[in-house]
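Please look through the structure below together with its sequence. The paragraphs that follow lead through a few of its features.

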Amino acid sequence: VAESKRLTARSLDDIPPAYFQFKDFPEYKEYTTMQWYCQKQSFPQSLFQPHAGASDANVTIHGREFVNFSTYNYLALGSDERVKNAAIEAVRTFGAGTGSGRSITGEIDLHSAFEREICDVLGTEDAVLSVGGYSTNAFTIGYLCRNQDLILYDELIHNSALIGCKMTGSRRFSFPHNDYDALTQLLDQHRGNFERVLILAEGVYSMDGDIPDVPKLVEIKDKYKALLMVDEAHSMGVIGPRGLGVCDYFGIDGKQIDILYGSLSKAFGTCGGYVAGPSPLIAILKHYAPGVLLYGASPTPANAAAALESLRIMREQPDRARRLQDNAAYFIQQAQTAGLDTYRSKDSGVVPIMMRDSELALWLSMKLWENGICSYPMMHPIVPRDKTRLRFFINVNHTHEQINQTIDLIGDLLKVAPKSKGLF
Ligand code: PMP
C-alpha cells in the first residue's frame, strides 16, 4: 500500500466501520442501491432462481417456460440422452466421486480417455483434464509464469485469466482488443528484459463474441520467442466448419499454439476444464501446478464421462455446430435490421446487444423476463459502464420464430423505455 494511502488511526476508535463491517463496504452499498432500484421499479426477481429440468433453448423457472438466451449449453449436449446416460453409467461404475486427487488413486480411465480424444481432435501431444473451468485457467497461468516473466494479454480476457496473472507476480501489460501492432510494440520494447513471455487471447471473446486473428498471434509469438495461450471456453464445439474450435476455424494445427485451454461448462454441457499442448507442458502441469491436479480432487466420474461423450457427439455430428452458427447469423441479421447494435459479434454463439447504460440494460432485461425471455445484463464491473449490454447466448435449438419474437419485443420495448437517471 502506498504510504500516502495508509490509514493513520491513532486509536482503535478511529477505525471506520467501512473497514470491519460488511454492510458499510462500498461494494455492498452499490448492491443495495441496485436492489432498491429493482424494488422501486417492481422488477421480478430473476437472479439465483432455481430452474426445473434442463436448461437449453428453453428453461422452466417457477413453473413458467422461458426462451433461454442465457445458457452456455450451446449444443444442448448437457441435456442429450447419450450424455446423461454416459454420466449415469459412470456413477454406477465408479460412484459419485473419485475419493482423492488423480495421482493418488483418484485416477479413472475416463480421465485419460478424454485426454486422448481431445488430443486427437486438436492435434496436440498431450492434455490434462481438471476439475474446474475457472480454476484450470487461473492455476495454469498462475503456475507457468514467475517474477522474472512478462504477460501480455488482450484487454478483454476473462476474469479467470486475470486472476491467474495476479497470482504470478509477473510484469503484465494489456494490449487494446485485437490490436496486433500494439502487441508487437510491447514485444519490441520489453521482450529482451524478461525470461518467459506469455501472450493471452480467447478463441471467442465471452462478452463481445468476436474471434481474434489466431494465425497472426502465432506468427507474432514465434517471431518473439513467446508462448501463446488461447482460451477456447466459447470457441470449442462452436466455431469452425466442424465446430471444433479455433484450429478448425482457421485450418491450423493445434501444435502451433503452445497452450490450448478449454472449459467443459459450455458446449460440452458439463463442468470442468482441460489444457492441451506439448507433452512437457502437460507433464509440468500434472506434476507441479497446484489447483490443476495437485492439492485437489479429480473430476467426478459423471463429469469426465459426460465430457467424453459430448466430445464424441461433437465429432460425429458437426451439423449441430453448423445449426448453432446459422442461428447466430440469423439473430445478428435480424437484430441489425431492427437497428440494434450487435457490436463486434461474428461467427460465434455470443451476441451482445449494446445498451451503453446500466439502468436501461437492467430495465430491458426485466421486461424481457416478464415476457418469458431470459437474457441478463452485463454491467459494471463485468464491463465498463459505457459498454453495458444484454448478452445473448445462441443455442442450437432456438427456432427462428423465437429469435424473431425476441428481436421484435426488444424493438417495441426500447420505444417505451424510461429515461435513465444514471443511478448506477
Ligand atoms: N474462460 C472464459 C472465456 C469464460 O467465459 C469462462 C466462464 N464463463 C471461463 C473461462 C471459466 O469457465 P467455467 O465457467 O467452466 O468455470
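In which loop does Arg 356 lie? Arg 356 lies in the loop between β11 and α13 (358-370), where helices (H or I, at least four residues) and strands (E, at least two) are DSSP runs numbered from the N terminus. This is a predicted model, in which local features need pLDDT of at least 70 and side-chain atom pairs count only at pLDDT 80 or more, while totals for chains, interfaces and linings use all residues. Residues are numbered from 1 along each chain as its sequence is written.

Although Arg 356 is not a glycine, it has a positive phi of about 60°, and with 14 C-beta neighbours inside 10 Å it counts as partly exposed. A residue is buried if 20 or more other C-beta atoms, placed from the backbone, lie within 10 Å of its own, exposed if 12 or fewer, and partly exposed in between. Asp 347, in the loop between α12 (318-337) and β11 (350-354), is not a glycine either and has a positive phi of about 65°; Asp 347 is partly exposed, with 17 other C-beta atoms within 10 Å.

Another backbone feature is the cis peptide bond that joins His 380 and Pro 381, with omega about 10°; Pro 381 is found in the loop between β13 (376-378) and β14 (389-393).
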